[in-house]
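Subject: Handing over the structure

Dear colleague,

Please read them with the model open beside you.

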Amino acid sequence: VATAEKPFIRQDGKDKVTGLGRYTADLGMTGMLQAKFRFADHAHARILRIDTTKARALAGVFAVITHEDVPDVRYGPFVQDRRLFAKTKVRYEGELVAAVAALTAEIAQQACELIEVEYEPLEVVHDIEASLQPGAPLLHEQWAEYGASDDVVRDGNDCSRSTIVKGDADKGMAEADTVVKERYVADMSHAVPIEPHSIVAQWQGDRVTIWSSTQVPFVARSGVATTLELPESNVRVIVPHLGGGFGGKCEFHYEAQVAALARVARRPVRLVFSRREEFVAPDHRREGQVLELETGVRKDGSIVSRRARVILDNGAYSADAPFFPQLAAMMAVGPYKVENVFVDASLAYTNTQPSGSVRAPTAPQACWAVEQHMDSVAAQIGLDPVEFRRRNIVKRGDESPTRQIFDDIGAAETLEKAVELIGYGKQLPDDEAIGVAVGWWPSFGIASGAYVKINGDGSGTIITGAQECGTGAVMALPLLAAEILGMKPDDFQLLYQDTDAGPFDSGASGSQTTFNNGRAVMQAARDVREQLLDLAAEELEANRDDLELVDGVARVKGSPSKSVSIPDLAEKAHGDRLLLGRGADAVPEMPECDASGCTGRLGMESFLAPTFITHAVHCKVDRETGVVRVLDVAAVHESGRVLNPIGANGQVEGGVVMGIGMALLEGSLIADDGRQVNPHLLDYKLQTASDSPPIRIGWVDAPTKEGAGGPKGSKGIGEPPCVPTPGAIANAIAKVTGARVHQLPMTPARVWEAMNR
Amino acid sequence: VSAATYTSARSIADALSALSSGARPIAGGTDLVVGARGGKAPLPESLVAIHAIDELRGISSAGGGLRMGALVTHAEIVANATVRDRLTALADASAIVGSHATRHVGTIGGNVMNASPAMETGGPLICFDALATLRSSSGERELAVAELFAGPGQTTAKADELLVAITIPEPASGTGSCYVRLEYRRQMEIAIVGATAVVTLDGGTVRDARIAITALAPTIHRVAEAEQALNGSDASDAAVHAAAAAAAGASRPISDVRGSADYRRAMAAVLTRRAISTAIARARGGRFPIPASPALHGAVNGGPA
C-alpha cells in the first residue's frame with residue numbers, strides 16, 4: 001500500500017508530464033490518409049439525396065463513403081436505434097452523413113463540402129418536456145420496430161421509463177406536517193477530455209487493427225465487429241496513452257467509420273477531431289434534466305414521503321443512457337430514510353447530441369436539485385440543514401428506496417467529518433457561507449481478467465485488459481500484485497491495452513477498474529505465488545506452509561537466513577516450468593432488494609458496495625455581479641477501504657474541481673435550430689488551476705464484507721467525487737443571497753437574476 | 001489552416017516591403033493562429049513574421065511618458081515599474097489578458113491591431129491618450145488609439161501599414177487609474193464587461209476624469225457623460241454613482257451566451273463604479289493589488305468595492 005511516506009510514482013507519469021508520451025494522434029504510418037466527416041446540415045431533416053460525385057473527383061481523395069458503403073446495421077447497447085451513417089433522416093447536428101479519406105485533412109474537408117445532400121427539414125425538438133408532450137413530432141417513427149433489451153420500457157419519444165415505488169407516496173404526503181415542492185432544471189454539459197477523439201485504422205488482409213482514444217477497447221472491438229459484420233477475432237483495438245475521458249470516450253464511437261474508410265482506401269487512415277467536433281458529435285455528453293421534487297416531512301424532521309418526476313435528455317440516439325432514468329430515480333431520493341417513495345423518470349429523445357455516461361451520470365445534477373431541496377425543506381420546518389440531514393441519513397440496518405438493507409456504511413460519518421473539517425457554524429462575513437450536500441453512488445461489479453507472469457530475470461509483468469484513462473487505476477495495479485508476491489511495485493511492467501493480448505475488461509468506466517480488475521490481478525498474483533512457493537519449497541527443502549514471500553525472497557518464517565531470491569526461482573522456473581498466473585475473480589452478487597413495484601428495472605434497483613459522500617463548500621458571492629468564488633472545500637468520502645491514498649486523493653481533487661465547473665459555468669446552450677451555441681472552450685468555460693480552491697480531503701474507513709466489494713473491501717472511487725459539489729455550492733449561494741438558483745450551471749448572470757427576481 | 005507563404009522579416013523595412021505586396025503581419029500568433037484553428041477565419045494567404053525585428057522591441061522613456069514597441073508582451077508591460085506606478089490601469093489590463101502563456105507570447109501590437117471590442121488594454125490606452133505609430137513604405141503617421149478602432153476586428157490602418165509603437169504621454173500628477181473586468185474565471189478569460197477609469201485629483205476635486213467601457217459596444221469607447229459627472233466633483237460616492245449610471249446608459253450591450261443585454265447593462269454600472277472608486281483611491285496614494293479584477297471580484301483579500 002502506498003502512503004505519504006512511501007510515495008508511489010506512476011509508470012506513465014513521467015512520459016505524460018515531459019511530453020514524451022505518444023497518443024493516438026501522434027501515430028504516423030507510411031501512406032497514411034486523413035479522415036474528415038460530413039456532418040448533418042440540420043438537427044432534424046429527411047435525407048432526399050446524397051451525391052458524392054464531386055467529392056470523389058477531387059484530386060487527393062482516396063475514399064468517400066456513406067451508408068451505402070457499410071452494412072445496414074442498427075446498433076446501440078440498450079436500444080438499437082442508430083447506424084454508422086444517416087440513411088433516411090438526420091436527427092442531430094453532429095450526425096454523420098458521409099466520411100472522406102484524403103492525402104491531407106484540408107483536402108478531406110474540401111471534399112466533405114463538395115458532397116451534395118438534399119434535405120427536407122423537419123420540426124426540431126430540443127426541449128425535453130416538449131418532446132414528451134402528446135402530439136410532439138416523433139424522432140424515430142419506427143421506434144417500436146427497433147431491437148432493444150426487454151427490460152427497457154419505451155413509448156414513442158420516451159426511450160426509457162423507470163419508476164421507484166416504495167410504500168404509498170400519496171398517503172405519506174397526506175400524513176406529512178409540511179410538504180415542499182420545487183422544480184429544478186439542469187442544462188446539458190460535457191466530459192471535455194483534453195485529447196479529442198483520435199483513431200487510426202489499418203487493414204492487413206481481412207483483419208483490422210485500430211488504434212483508438214477509447215476508454216473501452218473491448219466495447220469498441222465489439223462495436224466494429226457488429227456494425228461492419230466482421231468476426232470479433234478480426235478486429236484488434238490498441239490504445240496508446242489516453243488523454244483523459246471522463247466518460248466522453250466510453251461506448252463505441254468512430255472506430256468502424258475509420259476502419260471502413262481504410263478498407264475502401266486500402267491505406268491506413270487517421271481521424272483527429274477538432275475541439276468543435278469533440279463538442280458536438282460524440283454520443284457521450286452529460287444529460288440535461290428537469291426535476292420536480294416534492295417532500296412531506298413531520299415536525300421532528302423525519303421524511304414521510306418523496307414524490308418526484310424526472311425527465312432526462314437522451315438526445316437523438318441511445319448510447320448507454322437508457323439505464324439513466326432508474327439511476328436518476330434512485331438519486332432523486334438520495335441516501336436518506338424515506339418512508340414512502342414514488343419517482344417516475346423518463347428519457348426523452350430530442351434533436352440534440354446523444355447523452356451517455358459522463359463521470360457519475362445523472363448524479364451531480366440530481367444531487368444538486370435534491371440537496372437544494374433538502375435545504376429548502378429544512379428551512380420550512382426550522383431545522384439547521386446539517387441537523388436535518390443528520391436525522392435522516394442512512395446508517396447500518398436502514399433501507400434504501402427499494403428496501404436494500406445497508407451493511408456497515410459510513411454515510412453519517414462523512415457528514416460529521418465534513419462539517420468538522422470546514423468549520424461549519426463559524427462566523428463568516430455576510431457575503432460568505434458554507435453549503436453542505438450529501439450524495440451516494442454505486443460500485444459496478446463486472447467480469448474482468450488479468451495475467452501476472454514472473455519473467456526469467458525475476459521481474460513481473462501484469463497483462464491486463466483494463467484501460468488507463470488517466471485516473472492511475474491501471475498504474476496502481478502493481479501495488480496489489482507486489483504486496484502478494486513480496487516484491488516492489490517497480491518490479492512490475494504493465495502490458496496494456498491490446499484486445500488481442502489482455503483478457504476482457506469492460507474498460508475505464510463505472511469506477512470499476514480497481515474494483516474488478518484489481519481483484520483479477522490479486523487472484524493472478526496469488527496463483528503465481530502458489531507456483532513460487534512450490535518451487536521455493538523444493539529449493540529450500542522446506543515445508544511450503546512454512547514459507548513466506550518478503551522483500552523479493554522466499555524464506556522460511558522465523559529463520560530468514562533460509563531463503564532463495566525470486567530472481568533465482570524465476571531463473572530456475574525458466575528452464576523448467578514457467579511462472580504464469582491467471583485471475584478472473586467472481587463478480588460480487590447484487591445486494592437483495594424489493595423492487596417488485598418498480599418498472600424499467602435495468603440493474604440500478606440495488607446498489608452494490610455503495611459509496612457515500614459529503615461535501616461542505618465555503619463560498620463567497622459577489623452580490624452585485626453574481627460571481628461566486630469557491631474559497632474552501634471539505635470533501636469526505638466513504639469508499640470502503642482506500643488502497644492507494646495518493647490516487648484516491650487525486651480523484652477527489654479532480655472530481656471536486658469538475659463539480660465546481662458544473663456548478664458555476666459548464667453548460668451547453670441549445671439554439672432553436674438544435675445547434676449548440678457554445679461548442680468551444682472560450683464560452684464553455686472549464687475551471688482553471690487558478691480557480692481551484694484548497695480541498696481538504698477526509699476518508700471514512702468502512703471496508704465491505706469479504707466478497708461484497710472490491711479488493712480488500714474497497715469500493716469505486718473515480719466517479720463519486722463530483723457528485724455533491726454542485727449541490728453544496730448551490731446551498732452556500734442560497735445562504736448568502738436568500739435566493740435559490742433553479743438552473744444549472746449557476747452562472748453569474750443566473751445568480752444575479754435569482755437575486756433580482 | 002495553412003498559409004501559402006510565410007516569410008520572416010529581420011527589419012521593419014523588410015516587413016513593410018512584404019506588407020506592400022499583400023502579406024499580413026504575425027507576431028505572437030495568439031489571435032491569428034488560434035482563430036484559424038478554431039475555424040474563426042482562415043490564415044491569410046501570405047504571412048510576414050515580425051517577431052525577430054529588434055527595432056520593434058522594448059519599453060523606453062519618451063518625454064515623461066513611455067514608448068512601447070509593437071512587440072512588447074503583456075508580461076513585459078505588467079513587469080514595468082513605470083506602468084505599474086503611473087499607468088496602473090494598463091498594468092491591470094495586461095495582467096489579465098488570456099493565460100500565462102498568452103501574456104508571454106502575445107504582444108501589445110497584436111492586441112491593438114486585432115481590435116476586439118472585448119480586448120483588455122484598449123480602455124486604458126484610450127483613456128491615457130495613447131498614440132499609435134503606423135509606418136508604411138511611403139512614410140509614418142501617428143494617430144490616437146481611439147481613432148484606430150473602427151469596429152469589431154477592424155482598424156483604420158491601411159493594409160500596408162505596420163504598427164511600430166504605442167506612445168503614452170506622462171499622466172498629470174495626482175492621477176490614479178484602474179481597469180476592471182467582469183470575469184467568470186481567473187485565467188483564459190475574456191471581458192464580459194470591462195471598465196477603465198483614469199482620475200486626476202487636485203486636492204479633493206476631480207480635475208480630469210477619463211472613463212471607458214469595454215465589451216459594451218462594437219468598439220471600446222470613452223463615455224463623455226460619465227466623465228462630466230465626475231469632472232469638477234468632490235469624488236464623492238454620489239458623483240461616482242452618477243458616473244457609473246451614465247456609463248451604463250451609454251452602453252449598447254448584446255445578448256449572447258456570456259450574458260443578457262440587461263445583465264451586461266447592470267454590470268456596466270457596477271464595474272464602472274468599481275473602476276472609478278479604485279482609481280480615486282489610487283490617486284489618493286492607496287495601494288491595491290494589480291490586477292484589480294480578482295480583488296474586486298470576490299478574492300479572499302479583496303480591495304475596495
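Two strands are taken to pair if DSSP finds at least two bridges between them. Please keep in mind throughout that this is a predicted model.

With that definition in hand, strand β17 (residues 450-454) and strand β18 (residues 460-464) of chain A pair in the antiparallel sense, with five bridges between them; within this pairing, A:Ile454 has A:Gly460 of β18(A) as its bridge partner. In general, the strands of a sheet are held in pairs by backbone hydrogen bonds, in either a parallel or an antiparallel sense. Both β17 and β18 belong to an open sheet of four strands in chain A, whose order is β19-β18-β17-β23 and whose pairing is mixed. At its edges lie β19 (492-495) and β23 (579-583) of chain A, each of which pairs on one side only, and neighbouring strands of this sheet are turned by 20° against each other on average, if direction is ignored.

Helix α14 (residues 513-540) of chain A packs on this sheet, where α14 touches β17, β18 and β23 of chain A and makes an angle of about 150° with the direction of β23(A). The helix α14(A) also packs against helix α15 (residues 566-574) of chain A, at an angle of about 95° and with the two axes 10 Å apart. Since angles of 65 to 115 degrees count as roughly perpendicular, α14(A) and α15(A) are therefore roughly perpendicular to each other. On the side of α14(A) the contact is made by A:Leu532, A:Leu535, A:Ala536 and A:Glu539, and on the side of α15(A) by A:Ile566, A:Leu569, A:Lys572 and A:Ala573; of these residues six are nonpolar, none is polar and two are charged.

Within it, strand β13 (residues 289-297) and strand β14 (residues 303-315) of chain A run antiparallel and are joined by nine bridges, with A:Ile311 of β14(A) as the bridge partner of A:Val290.

Methods: Residues are numbered from 1 along each chain as its sequence is written. Chains are lettered from A and ligands numbered from 1 in the order in which they are written. This is a predicted model: local features need pLDDT of at least 70, side-chain atom pairs count only at pLDDT 80 or more; totals for chains, interfaces and linings use all residues. Side-chain values use heavy atoms; hydrogens and water are left out. Helices (H or I, at least four residues) and strands (E, at least two) are DSSP runs, numbered from the N terminus. Axes are lines fitted to C-alpha atoms, for helices over the stretch in contact, and angles run from 0 to 180 degrees between N-to-C directions. Contact means heavy atoms within 4.5 Å. Angles under 35 degrees count as roughly parallel, over 145 as roughly antiparallel, 65 to 115 as roughly perpendicular and the rest as oblique. Ala, Val, Leu, Ile, Met, Phe, Trp, Tyr, Cys and Pro count as nonpolar, Asp, Glu, Lys and Arg as charged, and the others, Gly among them, as polar.
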